[in-house]
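Please open the model in your viewer and keep the selection panel at hand.

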Amino acid sequence: MRAKLLGLVPFEGRDKTQDGHGSMRITLASFLLGDQTGPEMDASGLVTVLAEALLVPSYAVQPYVRWQAQDAQHARATLAHDGVEVHGTFRFDADGLMREFVTDDRYFSAEKGAAVKYRWIAACEGYRELGGVLVPARCSARWELPDRELEYFRGTLSGMDYDVRDFGALEHDAHGT
């Protein structure tokens, strides 16, 4: 993700899963603010891949993704790779468009560097076509923390670049602008 804070300061965030390992790198005006790795990021990166599976349509039909319908508007998905398994529930509207992804398998960076699992929700709205794929125009992400909801991202998807070399190897590095 590339954005500008307050419309001025360049900000870039990258969730990446490659070779079974996840990482999150955050920069502000070319200064590194964070670069997290480890088992918690392996799971969190994998659940991000699952949440974005419908933005990369061929992800959703890979053998490492299993789907289970819950009702007419909800489907639970499981993604298993390299000994790590994550789950999430997709909510669809009456037109079949994904509106929300909910998981309890993503880690939150709490005080003193502790990684704690809390409910994580990604929401989508205002769909349009980009490069032949119907994608949400606006997205948000929030945590359900014990004392409050924390929305930490709200943005407009103006374009997408894909850098996916081998779906079978589960390499994921999609950037939304």
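Predicted model: local features only at pLDDT ≥ 70, side-chain atom pairs only at ≥ 80, totals over all residues.

Select Asp-82 to begin: with a relative accessibility of 58%, Asp-82 counts as exposed, where exposed means over 50% relative accessible area, buried means under 20%, and partly exposed covers what lies in between, with a 1.4 Å probe and protein chains only. Asp-82 sits in the loop between β6 (74-81) and β7 (84-92), the strands being DSSP runs of E of at least two residues and helices runs of H or I of at least four, both numbered from the N terminus.

Residues are numbered from 1 along each chain as its sequence is written, and side-chain values use heavy atoms, with hydrogens and water left out.

Next, select Thr-17, Gly-20, Asp-42, Leu-46, His-81 and Val-84 together, which line the largest cavity. A cavity here is a set of points, on a 1 Å grid over the protein atoms alone, where a 1.4 Å probe fits but cannot get out, and lining residues have an atom within 4 Å of a point. The volume of the largest cavity is about 30 Å³, a volume being the space filled by probe spheres set on the points, with grid points joined across faces, edges and corners. A search of the whole structure finds 1 cavity of 30 Å³ or more. The lining divides into 2 nonpolar, 3 polar and 1 charged residues; Ala, Val, Leu, Ile, Met, Phe, Trp, Tyr, Cys and Pro count as nonpolar, Asp, Glu, Lys and Arg as charged, and the others, Gly among them, as polar.

Move on to Asp-93, which is found in the loop between β7 and β8 (98-103). Is Asp-93 buried or exposed? Asp-93 counts as buried, because its relative accessibility is 16%. Leaving aside neighbours within four places in sequence, Asp-93 is in contact (heavy atoms within 4.5 Å) with Gln-73 and Arg-99.

Now select strand β12 (residues 133-144), where Arg-142 is found. Arg-142 counts as buried, because its relative accessibility is 18%. The side chains of Arg-142 and Glu-149 are joined by a polar contact of 3.1 Å, that is, a pair of N or O atoms within 3.5 Å, of which, within protein, one must be able to donate a hydrogen and the other to accept it, residues adjacent in sequence counting only if both atoms are side-chain atoms. Beyond residues up to four places away in sequence, Arg-142 touches several others, among them Glu-100, Arg-119, Trp-120 and Tyr-152. Ser-140 is also found in strand β12, and it counts as buried at 8% relative accessibility. Its contacts outside four places in sequence include Ile-121, Ala-122 and Phe-153.

Finish in the loop between β12 and β13 (149-156), where Asp-147 lies. Asp-147 is exposed, because its relative accessibility is 61%, and a polar contact of 3.3 Å joins its side chain to that of Arg-148. Pro-146 lies in the loop between β12 and β13 too, exposed with a relative accessible area of 67%. From Pro-146 to Arg-119 the C-alpha to C-alpha distance is 9.7 Å, although they are 27 residues apart in sequence.

Terms used. 1 Å grid on protein atoms, 1.4 Å probe; cavity = no way out; pocket = protein on both sides within 12 Å on 5 of 7 lines; lining within 4 Å.
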